[in-house]
Protein chains: 2
Amino acid sequence: MDDEEPEAAQEGVARPGRHMADRRIRVARPHSAYFRYEGPGTVTAKREAIAPVRRGEKFSTRLRRLVFGRILASDEEGEERLSKLKALAVFSSDMLSSVAYATEASMFTLLGAGTVAFGLTVPISIVIVAILWIIVISYRQTIRAYPNGGGSYIVAKDNLGTRAGLIAAAALLTDYVLTVSVSVAAGIAAIISAFPGPLESLRIELCTVAIVAVMLVNLRGLRESGTVFAIPTYVFVVATLGLIAVGISRALIGDAPHVTGVVPAGVPLESLSILLVMRAFADGCSAITGVEAVSNGVPAFKRPEAANARLTLTMMGALVAIMFLGISVLAGVVGAVPAANHETVMSQIARATFGTGPLYYLLQFATTGILILAANTSFADFPRLASILARDGFMPSGFAFRGERLAFSTGIVALAFLAIAILIAFGGTVDALIPLYAIGVFTSITLSQAGMVRHWLRERGPDWRRSAAINAFGTVATAIVTIVFAIAKFALGAWLIILIIPLIVMAMLFVHGQYERRRLEVRVRPEAIIPPPTRHQRVIVPVPEVTRDVIQAIRFGRTMSEDVTAVHVTDDLERGEELRERFNRQLPGIPLVIVESPYRKLVRPLVRYLEFTARQSKDDLIVVILPEYVARHRWERLLFNENARRIRDELLGHKNILVAQVPFRRDL
Amino acid sequence: MDDEEPEAAQEGVARPGRHMADRRIRVARPHSAYFRYEGPGTVTAKREAIAPVRRGEKFSTRLRRLVFGRILASDEEGEERLSKLKALAVFSSDMLSSVAYATEASMFTLLGAGTVAFGLTVPISIVIVAILWIIVISYRQTIRAYPNGGGSYIVAKDNLGTRAGLIAAAALLTDYVLTVSVSVAAGIAAIISAFPGPLESLRIELCTVAIVAVMLVNLRGLRESGTVFAIPTYVFVVATLGLIAVGISRALIGDAPHVTGVVPAGVPLESLSILLVMRAFADGCSAITGVEAVSNGVPAFKRPEAANARLTLTMMGALVAIMFLGISVLAGVVGAVPAANHETVMSQIARATFGTGPLYYLLQFATTGILILAANTSFADFPRLASILARDGFMPSGFAFRGERLAFSTGIVALAFLAIAILIAFGGTVDALIPLYAIGVFTSITLSQAGMVRHWLRERGPDWRRSAAINAFGTVATAIVTIVFAIAKFALGAWLIILIIPLIVMAMLFVHGQYERRRLEVRVRPEAIIPPPTRHQRVIVPVPEVTRDVIQAIRFGRTMSEDVTAVHVTDDLERGEELRERFNRQLPGIPLVIVESPYRKLVRPLVRYLEFTARQSKDDLIVVILPEYVARHRWERLLFNENARRIRDELLGHKNILVAQVPFRRDL
């Protein structure tokens, strides 16, 4: 086929089916600046075709280009395959970074029973690491089963049905928003710990700036992400491991570092109860987040993708385990304590161990860096999940459109907006947000694993018994953890999440219902052949005055039918007759009906009259042509009444009435 | 002519010109429930034609009927002619009621120089009464010259040009809003003076309730207004005159009443300067408001209208002069003083003179009553002026539409909204509002009188020299007063009015510019005969999918021309070719052009392509038919993109392109 159309071949983009087009098409062959001729019936718009034309638009476009870079064509999407080392950096920032706050979150709760309760920090941390391992092993199964990326939504929807998928999706979306809030708050806390004083009062402002910056970077579309991510991640890992090594070594040789000058934060006192321990455990579980990232990102790995992804997940788990345990142990050794001045526990340990030298500052900056990267991970995940949901019809379709830089702009902006709103609502402190955090994460992890169990039971591939057993164990473990969270943290904010997730699911089902209804309303059977129209048409044009917009509508109607009638609704018969006189003189041959409306309403009597006419001539199609003056700017339109729209809305859905709006604007 | 059409004659409504209609009109002769046949080409909608159809609408209509009464036809407008006695009550409530606060306002300012300055109250009051008389005499001329109603806007516009008219109108509109705020605040203050304590904290709430109540009454449309107005007005007049008579008699017989238990309000102290006296004078001038009402309302008087109106105006002036002077004198006699607990001076005088018996309460309630009536006067004047401005194109046309009860609903609601907003902004106290008040009144009075001078100089009717001299004297006097106000009160809020009036004028000129532009854009020369269309039409239909709305648009296009082309814009050529295959199969004979848009924009490339086509076939008319799916509810429409509207906006104004939107909705 290609040999018939050498032009297309020259373009070097051979696409199947392009030349199956109807041969008779009178396609313009534009030698224009705007289009490239591709073959009969097909042209491609050049970049010039989307260039701005109006002055304001030109300016805003130039500004956009400056901030975000030039517009990208769909085929310009770069696909970077990640080595294990880079992948670890890209996918693990969320998970690794939580080391920076998880220990402190747990200690903050324990502080309620006095500093003596800190003896429980290490045991609790060990339990958390155990849970982490269960999850890591469980997710290794997911990677094997979903080499194309197995997010919780997909896994749960595939195996447990739409509703479970949506619950997982709602939990994840909530979680992504909270990840941004918590990570950015913690990152700014690290900076404020290093430079206390004036910055303290700017906490929320700094968080907002950080989120907006990450948003802008993501709207621009992140390139070479692997390298950019690797540096702060590895600095953080090396510095933290170094901190642990130095601290523990010094403790072993009897020169244990000690924190000085810290006033413990004032918290309401309570007795050391099971509930308190459960809450401290839940807080510490904030260390377990971001497992989703790897299982989502399998296709980005170098070959063999699944194997590399599994290895990366394991490495990541091991690193988190070592770092989290190390920090928990060290916190006890150095006597760190959640501080009244909000200095972080990490900062206290580092200050005690390294002194306030360059190493201390390096660690603080690296902490901020990796936490901002963690937020950045959500800026990739949230819009991606939102776009999948939008494609499935569960979110507004705007979330599925890729912007000028190929990023899902709507999702990115929505995420930034929500994260900032939450930070402001909670006053910019991490402690208050963490209770809200883990429950979403564990809900989605549980659903994903339960989905995997179902998957193995259905597929029964090699080793299915073992895989199912692993995932089942994981499901039970995380389900228990989720329930523990819900109970322990209910009064402290978990109720909000327990309330919000079903609300989000309901909203998504509602949106889906709307799209589905639209689909049914406009559906055309694929086998139907549509014949040309044959029915006699009666055209009716509402005429408020003899003006250009009205005349345009009447002339328009006359090209459709010989049978054109004008209707004038008025509450003033005398002026109506004046109009009739003028109308008959200027538009001879078109009858004008005057409908007197003594109650001054214009729309309803007109609609009734049109309905009446439609009923009288059941075999005809009544075409109502509505002239509509369109002001240049939207806000100017407030000055002109919306009768055309109201008439349209009232007439829609009638059997043999068809409505057309003929807008008019004239450039003087 | 009538004998040709007996049906119409039977209806008993012979209207001129009705039967000049085109004889060939195929008018439906509806024996329907909705229309009455009136003659060829004319039907009248019955009340049933505007009856609600949807459930929600039925409920809201029933609720509206309950609150506001049944819908009124345009010819049901009752025109009550007012006797002098009733007219005095209807038109004077604004002016008489200001007696309740003018003295106190003046004293409040004098208090700054200590209670000794109260000696100036009576001299200042005498000057104010003199000014009042100048204005009354001046306005008697206006009534003579404008027997059909001569508001400041009309007089100034007729004689001094549009801009002067608009300044007067802006000043009046501001004044009406402030009248409502000030009167209601003072009315509620009278009640709170009688029942101090718990009500004090509800001041703003009570004011809001009162304004909303007056608004509802006015939306319903006031009937039998004369009688309703007469009672509280005359009770107030008689009670106040009685108060003055008793008080002064007791003083003359050496038993002068004395106020007890009043703590003077705390005000910043200052020396007794000219500026202070000027300010006290300005405050007292709030007694001179509402002259406009009579000159506006001349047509409502019994014959001879002008003479009766002039007499009423004189009576009104005399009453105000007596009452205002009397209260000012009595305030000094009884030793009343603006009180820390906001008890009004009127209340103090009445308490001292009558004791807190029934007479006292009668006066307080009558005061509240007449003040609320004064607010009510603005609820008649503001919407009326707004409607005149709207008819002249200086305000949005909505202000000229009469609602279901024949009231100018938009203006009524807008006035209530503004008055409540101002009361809330100023914390519900009168003192703060009065500086803003008088300057608007005197600006419009000055412009009106200046207009009258011009009028006499132009007309040169009988007595023109004398009339012109009177009005010229009035103009100079009120102009001086206005300037005194602006200087004395500048820092105390007059600057706001001086700023707002030009802003309102600019807004009105802007609105007028918009309507004027529209008028020019759509204007058709009255002598032009519009021929039937002859140009060849090429129809182009943008096709995103093969759906019912698209097919409806294509069938629509096919009734206009044999030359119909479909255009599909896509960023995915493969899916485009799939669509083409389906399209060619289901809609044989209609060529489909695919425009590939590698940058994912849909609107701009389509518009460029259509423009290109239009340029290629300059002799044809390109008709672009836009299919448009319409969701049932507005908020549902958020889920569907607005591409049709955007394409329309971009294509409007092109030479040989005509756009038509063909909306689709199907009731499943």
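Mentor: The account below begins with conventions, turns to the helix and its neighbours, and ends with the relation between the chains.

This is a predicted model, in which local features need pLDDT of at least 70 and side-chain atom pairs count only at pLDDT 80 or more, whereas totals for chains, interfaces and linings use all residues. Residues are numbered from 1 along each chain as its sequence is written, chains are lettered from A and ligands numbered from 1 in the order in which they are written, and side-chain values use heavy atoms, with hydrogens and water left out.

Helix α14 of chain A spans residues 358–391; helices (H or I, at least four residues) are DSSP runs, numbered from the N terminus. Helix α13 of chain A covers residues 345–354, and its axis comes within 9 Å of that of α14(A), the two crossing at roughly 160°. Here axes are lines fitted to C-alpha atoms over the stretch in contact, and angles run from 0 to 180 degrees between N-to-C directions. α13(A) and α14(A) are therefore roughly antiparallel, a label for angles over 145 degrees. Their crossing is right-handed, meaning that the near helix is turned clockwise from the far one by less than a right angle. On the α13(A) side, the contact (heavy atoms within 4.5 Å) is made by M346(A), S347(A), A350(A), R351(A) and F354(A). These residues meet L359(A), Y360(A), L363(A), Q364(A) and T367(A) of α14(A). By class, the residues of this contact comprise 6 nonpolar, 3 polar and 1 charged, where Ala, Val, Leu, Ile, Met, Phe, Trp, Tyr, Cys and Pro count as nonpolar, Asp, Glu, Lys and Arg as charged, and the others, Gly among them, as polar.

α14(A) also packs against helix α3 of chain A, residues 84–97, at an angle of about 115° with the axes 8 Å apart. This crossing is left-handed, the anticlockwise case. From α3(A), the contact draws on V90(A), S93(A), D94(A), L96(A) and S97(A), and from α14(A) on I370(A), L371(A), L373(A), A374(A) and T377(A). The contact of α3(A) with α14(A) divides into 6 nonpolar, 3 polar and 1 charged residues.

The loop that leads from α14 to α15 (409–425) in chain A holds E404(A), while R65(A) lies in helix α2 (residues 55–68), so the pair ties together parts that are 339 residues apart in sequence. E404(A) and R65(A) form a salt bridge, with 2.8 Å between the closest N and O atoms; the term denotes a side-chain nitrogen of Lys or Arg within 4 Å of a carboxyl oxygen of Asp or Glu. Over all chains, the whole structure has 48 salt bridges.

In chain B, α3(B) and α14(B) pack at an angle of about 120°, their axes 8 Å apart, and this crossing too is left-handed. V90(B), S93(B), D94(B), L96(B) and S97(B) of α3(B) are in contact with α14(B) through I370(B), L371(B), L373(B), A374(B) and T377(B).

Two backbone features elsewhere complete the picture. A cis peptide bond joins R303(A) and P304(A), with omega about -10°, and P304(A) sits in the loop between α11 (291–296) and α12 (305–334). In chain B, R303(B) and P304(B) are likewise joined by a cis peptide bond, with omega about -10°. D463(A), a residue other than glycine, has a positive phi near 65° and belongs to the loop between α16 (430–459) and α17 (464–488); for D463(B), phi is also near 65°.

The same surface serves both copies, since 99% of the contact residues of chain B recur in chain A.

Key: Parallel < 35°, antiparallel > 145°, perpendicular 65-115°, else oblique.
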